[in-house]
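The following note sets out points on the structure shown below. Please read it with the sequence and the model at hand.

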Amino acid sequence: RVVEAYRKLRNTLRYLLANLYDFDPQRDLVAVGDSLEVDRYALARYATVAARIRAAYEAYDFPAAFQALNAFVTVDLSAFYFDVSKDRMYTAGAASPERRSGQSAMYRIADGLVRLLTPMLPVTADELWRALPGPREDAVHLAEFPDDLDRLQDAALVDRWTRLLAVRDAVLPAIEAMRQKKAVGQSLEAHVHLRAGGDTHALLAAHADDLPMLFIVSAVSLARAGDEDTLEVQVTRAGGEKCPRCWRYVPQVARDEAFAGLCPRCVAAVSAPAGTGA
């Protein structure tokens, strides 16, 4: 169990680091207030957990510190945030605001986690510290614990995204059922149809642009189902054509020779000059 926990932690840190290979915090760091809401949610969850870990250290409750760290890495990062961020990190323009927002959140989380990890795994923490971008102390053992956690916490935002995650928990089994029937393969072949009422409809309507990312599908339709707080989920196969770069199904792809078959978002990403947004 210890080996498995260490492997999960190390792989998580490697994933964070791998997404920062072209990131310079002095040049590319996006202000928290200007970041995408999903990134601010990840930062808010990190801040809550980091504060819990600090409190556990101060109480010499080392098992509680590790348990909080392990749960955050396993549930918040690996099972959710990394999963929904892959499309943006891999297919958006290299210096696009969306990708830089994700990199900024990952940088802040990595920088904080390595400090908090040091008493548990000093060698691993020191290895990561030396590989992280940006100026820093010669060794992680000379650095302080993160002390700017209050500005990252946002109770209202966490409440909204907790409710969105509950909707996600209702949608994912419906997608999986379609996969079991061989109606779709991977989730990007799916189109999710939602009928919601009351506060749930208001929440989903306010985050309509986030829903395909949240469910990792090509399209989401939302209809109102009265004033009661209800939710109905139906999944069909996505229409349109498959973009060979991002694998999303879109109504129309480029026909010109230079970008043949690509969706408009991928055309913008690959046509942007290096080092610029798209």
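Among contacts in the protein chain between residues at least 6 apart in sequence, what percentage join residues at least 24 apart? The reply is given in point 2.

1. Basis of the note. This is a predicted model, in which local features need pLDDT of at least 70 and side-chain atom pairs count only at pLDDT 80 or more, while totals for chains, interfaces and linings use all residues. Residues are numbered from 1 along each chain as its sequence is written, and side-chain values use heavy atoms, with hydrogens and water left out.

2. Contacts across the sequence. Of the contacts between residues at least 6 apart in sequence, 72% join residues at least 24 apart. Contact here means heavy atoms within 4.5 Å.

3. Overall form. The protein chain has 10 helices and five strands; these are DSSP runs numbered from the N terminus, with helices being H or I of at least four residues and strands E of at least two. The radius of gyration is 20 Å, close to the 19 Å of the globule rule for 278 residues, so the chain is as compact as a globular protein of that length. That radius is taken over C-alpha atoms, and the rule is 2.2 Å times the number of residues to the power 0.38. Along its principal axes the C-alpha trace spans about 55 × 50 × 35 Å.

4. Burial. Of the 278 residues, 45% count as buried, where buried means under 20% relative accessible area, exposed over 50% and partly exposed in between (1.4 Å probe, protein chains only).

5. The sheet. Three strands form an open sheet in the order β2-β1-β3, with mixed pairing. The edge strands β2 (219–224) and β3 (231–237) each pair on one side only. Two strands pair if DSSP finds at least two bridges between them; β1 (residues 190–196) and β2 do so in the parallel sense over six bridges. Within this pair, His193 stands opposite Ser221 in β2.

6. Helices on the sheet. Helix α7 (residues 155–180) packs on the sheet and touches β1 and β3, its direction making about 35 degrees with that of β3. Helix α8 (residues 198–206) lies across β1, β2 and β3 and runs at about 140 degrees to β2. Axes are lines fitted to C-alpha atoms, for helices over the stretch in contact, and angles run from 0 to 180 degrees between N-to-C directions. In α8, Gly198, Thr200, His201, Leu203 and Leu204 are buried; the buried residues of α8 pack against α7, β1, α9 (211–215), β2 and β3.

7. A helix pair. Helices α3 (residues 37–58) and α4 (residues 62–91) pack at an angle of about 170 degrees, with their axes 9 Å apart. They are therefore roughly antiparallel to each other, a term for angles over 145 degrees. Among the residues that meet are Tyr41, Tyr46 and Ile53 in α3, and Phe62, Leu69 and Phe72 in α4.

8. Two backbone angles to inspect. Most residues other than glycine have a negative phi. Lys182, however, has a positive phi of about 65 degrees although it is not a glycine; Lys182 lies in the loop between α7 and β1 and is exposed, with a relative accessible area of 71%. Phi of Trp247 is also positive, near 70 degrees. Trp247 is found in the loop between β4 (241–242) and β5 (249–250), and is partly exposed, with a relative accessible area of 45%.

Conventions: Angles under 35 degrees count as roughly parallel, over 145 as roughly antiparallel, 65 to 115 as roughly perpendicular and the rest as oblique.
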